[in-house]
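User: I'd like a close look at one part of this protein, the aromatic residues and the core around them. Could you walk me through it in plain words?

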Amino acid sequence: MNLIQIQSKSKIALFALAAIFGVLIIFVIFSALNKSSDKKSSPPSNYTQETPIESNNIAYPTPPPQEQKSTIDEKRQKILQKQISNNEGDITLEQNQNYNIKYITSPNVFFVTIYNEPLNIYKQEAARWFLNQGLEDKDLCYLNVRFRPATKELAKNNPGFSSLPDGC
């Protein structure tokens with residue numbers, strides 16, 4: 001082989017090596033991007049922190065008829081007398097291992113945070129707590145009672161779960 005043949009073959013080999021190296025770099029970059037987007041979309045398996053209450057995600061039912069408004073306000077005040085604690089307007093009314101009930105003064109909503117599955121069973125149990133305070137089923141709609149899973153994992157495992165009281 002002469003010098004010209006060796007130079008042309010080395011150029012081809014160098015070009016092939018550069019192409020392979022470029023493909024490897026692109027593969028590594030895409031793999032890293034996919035791994036980082038996977039981490040953002042799913043919480044870690046040990047995630048236990050409650051999801052924050054976002055007032056802009058609250059679904060409000062039809063307000064009570066005017067003649068029932070004062071009765072609803074009286075029932076709300078009666079329930080608020082059962083408070084366990086008051087943390088700057090976040091009033092805890094009931095707390096156990098399966099759910100807690102808080103009244104948030106602004107936006108005037110009772111939030112029931114459910115910690116365990118089955119969510120619908122504990123939702124009914126929390127609704128019974130309200131009924132035991134002298135409310136009727138329709139009052140839960142008018143009082144702005146909202147139910148929510150405590151974690152994103154619970155919400156993900158129960159996609160059909162409704163934040164509204166049954167019948168609202």
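Analyst: A quick definition to start: a residue counts as buried when its relative accessible area is under 20%, and as exposed when that area is over 50%. Keep in mind, too, that this is a predicted model.

With that cut-off in hand, take Tyr103. Its relative accessible area is 6%, so Tyr103 is buried. Phe110 goes down to 0% relative accessibility, so Phe110 counts as buried too. The rings of Tyr103 and Phe110 form an aromatic pair, with 4.7 Å from centre to centre and 50° between the planes, which makes the pair tilted.

Phe110 also pairs with Phe130. Here the ring centres are 5.6 Å apart and the planes stand at 85°, so this pair is edge-to-face. Phe110 belongs to strand β4 (residues 109–114) while Phe130 belongs to helix α3, so the pair ties together parts that lie 20 residues apart in sequence. Phe130, like Phe110, is buried.

Now step back to the whole set of rings. The structure holds 3 aromatic pairs, and ring pairs join Tyr103, Phe110, Trp129 and Phe130 into a cluster.

What about the core around them? The largest nonpolar core has 25 residues, and Phe110 and Phe130 are among those with the most contacts inside it, along with Leu93 and Val112. Elements that each supply at least two residues include α2 (66–80), β2 (90–95), β3 (99–104) and β4, as well as α3, α4 (137–142) and β5 (145–149). The biggest contributor is α3, which gives 6 residues.

Val112 is worth a stop of its own. Leaving out residues up to four places away in sequence, Val112 touches Phe130, and also Tyr99, Asn100, Ile101, Ala126, Val145, Arg146, Phe147 and Arg148.

Away from those ring pairs, there's one more ring to point out: the charged end of Lys123 sits over the ring of Phe161, 5.2 Å from its centre.

Finally, how far can you trust the picture? The chain averages a pLDDT of 78, and 65% of the residues score at least 70. Among the elements, helix α3 (residues 119–132) has the highest mean pLDDT, 96, whereas helix α1 (residues 3–41) has the lowest, 64. Over residues 36–49 the pLDDT is below 50, and this stretch has 6 contacts in the model beyond near neighbours in sequence. Where pLDDT is low, the predicted coordinates should not be read in detail.

Key. Residues numbered from 1 in each chain as written. Predicted model: local features only at pLDDT ≥ 70, side-chain atom pairs only at ≥ 80, totals over all residues. Heavy atoms only, no water. pLDDT = per-residue confidence, 0-100. Helix = DSSP H or I, 4+ residues; strand = E, 2+ residues; numbered from the N terminus. Contact = heavy atoms within 4.5 Å. Phe/Tyr/Trp six-rings, centres within 6.5 Å; stacked < 30°, edge-to-face > 60°. Buried < 20%, exposed > 50% of the residue type's maximum accessible area, 1.4 Å probe, protein only. Lys NZ or Arg CZ within 6 Å of the ring centre and 35° of its normal. Core = buried A, V, L, I, M, F, W, Y, C linked by side-chain atoms within 4.5 Å.
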